[in-house]
There are 2 protein chains.
Amino acid sequence: MRLNYTNFSNMNLSKTKSNYANRGLGLENDINLTNEYYRINDIAYVYKKPTPIKLVNVDYKLGKIKEAYFDTPSTTDYNGIYKGKYIDFEAKETKLKTSFSLSNIHEHQIKHLINVKRHGAISFIIVRFVALNETYFLSTEKLEYFIKNYPRKSIPLNFFKEYGKIIKVKYSPRIDYLEVINKLYFGGNYHDEEKN
Amino acid sequence: MRLNYTNFSNMNLSKTKSNYANRGLGLENDINLTNEYYRINDIAYVYKKPTPIKLVNVDYKLGKIKEAYFDTPSTTDYNGIYKGKYIDFEAKETKLKTSFSLSNIHEHQIKHLINVKRHGAISFIIVRFVALNETYFLSTEKLEYFIKNYPRKSIPLNFFKEYGKIIKVKYSPRIDYLEVINKLYFGGNYHDEEKN
């Protein structure tokens, strides 16, 4: 269920970087609002990285970019810090109802997630199945497990159900992915909660 | 002393994001090369964030940006992970010989450095005095100490000499700021080294 979020009007949304970021992606806006909530409440400092741009023609006197193109990101979209831990993730929506195609994530982004995990990060992907209105947290550990053990190029919904964690869409924060992280990485008891 | 770095030709420098990033800032290029060295050698994963751009006119069919402007960054330029710790810093050059003006760093960037430090990050600034060819590491702790105790709007070179650490410019990696971090945060003995 989508709730509107009029109470967020106090937040300085105009500070959200890059108009491109607000080009109507529901999940992206949800995550931006969530990260803003975390920052305002001094819970975590996680930001979306600006979209990389390849500049071709710039009038530096005016600070005006006259010709440029979208570039391939070298890393993931989001990173930051929570409880002393480095957080790093990529978020994607899919219109499919039964699987998520790995082609949505660049191979070097997956390598990046694995690299930072190996160095102690909490890294993961967030995938929303738009048609189902279900949003999943999938750790890089499980993502790696899938890639190593399955020949398929897309992850079935059932894999998310079995190895991922559903992120409930709430009023505020919208997409409380830190709740999942608390349970998976900071000793919270996931199964008790799920019974409620 | 500046060394040229022809041996870096094997590195895929073309992958460095954003032409703007390569617009001739010596310190910025040195840090990009250093971060690339760290990644290639699986030491740390630290990236420069893309420059934020405010899009005004975009042809999404062609992926072509026809009008856009440079935006104010909401955070610092560099972040990543080293030995399980979240790393976050801003880097600036100054042409002045005796002080570094704090106006070079946005107030919200300083707040960001303080916020992430409070949550367990290793955060700092790197300042190069171009005319002296000296590059300093100054922790956010010391930066905060300066701001709280000095009415001045610029940090004297002597403050860097006393409370910062000099980063030697080497052949490879160019600007080995992790050497300073090893000593300050991972039990290395700084003073012994300095006597050598």
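First, a definition: the expected span of a helix is 1.5 Å times one less than its number of residues. Helices (H or I, at least four residues) and strands (E, at least two) are DSSP runs, numbered from the N terminus.

The ground rules. This is a predicted model: local features need pLDDT of at least 70, side-chain atom pairs count only at pLDDT 80 or more, and totals for chains, interfaces and linings use all residues. Residues are numbered from 1 along each chain as its sequence is written, with chains lettered from A and ligands numbered from 1 in the order in which they are written.

Now helix α1 of chain A, residues 26–40. Its 15 residues should span 21 Å at 1.5 Å a residue, and the end C-alpha atoms are 21 Å apart, so the two agree. Buried residues (20 or more other C-beta atoms within 10 Å of their own, placed from the backbone) include Ile31(A), Thr34(A) and Tyr37(A) in α1(A). Their cover includes β1 (44–48), β4 (78–82) and β5 (85–94) of chain A. Just after α1(A), Asp42(A) has a positive phi of about 55°.

On to the contact, where C-beta atoms placed from the backbone lie within 7 Å. Chain A gives 33 residues and chain B gives 33 residues. On the chain B side, β3(B) gives the most, with 6 residues.

What does β3(B) pair with? Strand β3 of chain A, residues 64–70, in the antiparallel sense, over 4 bridges. Pairing takes at least two DSSP bridges between the strands. Ile65(A) has Ala68(B) as its bridge partner.

Definitions and conventions: Two residues are in contact if their C-beta atoms, placed from the backbone, lie within 7 Å. A residue is buried if 20 or more other C-beta atoms lie within 10 Å of its own, exposed if 12 or fewer, and partly exposed in between; C-beta atoms are placed from the backbone.
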